Amino acid sequence: MRFEDRPIWYDLYTAYPPKLEPRYDRPAPDIKIKNIFYAEDVIRAKYHKSERHETLNLLDARRKTQSQNFIQIYENLKEQNPLDEEKIFDTAVEMLAEQTRKSPEAKDESTISLSSNFADSLNKEDRNKPNVNIKKIFEE
């Protein structure tokens with residue numbers, strides 16, 4: 001094989017060869033998979049099961065999501081009164097609902113920012129496209 005024709009992964013494979021040769025007929029190892037859960041994951045899952053949620057803009061890192069706000073409220077309540085988990089959960093849900101009722105512009109703002117971000121991306125896409133005239137391509 002010529003040096004230029006080698007696959008991309010070849011250098012990595014030669015530098016760090018696997019302990020066992022990768023073969024299709026080798027049985028899969030019986031390894032116990034570790035659970036990678038944080039304490040807040042259980043609370044977040046319970047919250048997502050019980051509540052409706054907003055549309056998220058994953059490109060906007062400035063605003064916190066509803067679940068992030070909920071976790072923050074829940075943790076604060078738990079620090080103040082670490083007795084009953086159910087009561088803390090219900091109180092956190094109520095406080096978050098009250099917080100969103102007090103600021104309805106936050107919901108509208110997130111919707112506006114999502115639609116404006118989409119429009120901005122379309123405009124950027126249009127600016128980056130080369131101006132091509134199909135008729136000129138096929139003219140002689």
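Me: How many helices and strands are there in the chain?
Reply: There are 6 helices and 0 strands. Keep in mind that this is a predicted model.

Me: And what pattern does the chain follow along the sequence?
Reply: Reading along the sequence, you get α-α-α-α-α-α.

Me: What share of the residues counts as buried?
Reply: The chain has 140 residues, and 14% of them count as buried. The chain exposes about 13200 Å², with carbon and sulfur atoms supplying 56% of that.

Me: What about contacts, how many join residues at least 24 apart?
Reply: If you take the contacts between residues at least 6 apart in sequence, 47% join residues at least 24 apart.

Me: Let's move to helix 3. Which of its residues are buried?
Reply: The buried ones in helix 3 are Gln66, Ser67, Phe70, Ile71, Ile73, Tyr74 and Leu77. They cover an arc of only 165° around the axis, so they sit on the same side of helix 3.

Me: Why would residues a few places apart point the same way?
Reply: An α-helix has 3.6 residues a turn, so residues three or four places apart point the same way.

Me: OK, and what do the buried residues of helix 3 pack against?
Reply: Two helices: helix 2 (39–50) and helix 4 (85–102).

Me: Which exposed residues are on the face turned away from the buried side of helix 3?
Reply: That face carries Glu79 and Gln80.

Me: What span should helix 3 have at 1.5 Å a residue?
Reply: Helix 3 covers residues 66–80, and its 15 residues should span 21 Å.

Me: Switching to Ala45, where is that?
Reply: Ala45 is in helix 2. Its relative accessible area is 44%, so Ala45 is partly exposed.

Me: What separates the C-alpha atoms of Ala45 and Ser67?
Reply: 9.5 Å, with the two residues 22 residues apart along the chain. Ser67 is one of the buried residues of helix 3.

Me: Last topic, the surface. Which residues make the nonpolar patch?
Reply: Trp9, Tyr10 and Tyr13 make a nonpolar surface patch of about 350 Å².

Conventions. Residues numbered from 1 in each chain as written. Predicted model: local features only at pLDDT ≥ 70, side-chain atom pairs only at ≥ 80, totals over all residues. Heavy atoms only, no water. Patch = residues over 30% accessible without salt bridge, like charges linked within 9 Å, V, L, I, M, F, W, Y side chains within 5 Å. Areas by Shrake-Rupley, 256 points an atom, 1.4 Å probe, with all protein chains shown as cover. Salt bridge = Lys/Arg side-chain N within 4 Å of Asp/Glu carboxyl O. Helix = DSSP H or I, 4+ residues; strand = E, 2+ residues; numbered from the N terminus. Expected span 1.5 Å × (residues − 1). Buried < 20%, exposed > 50% of the residue type's maximum accessible area, 1.4 Å probe, protein only. Arc of directions from axis to C-beta. Contact = heavy atoms within 4.5 Å.
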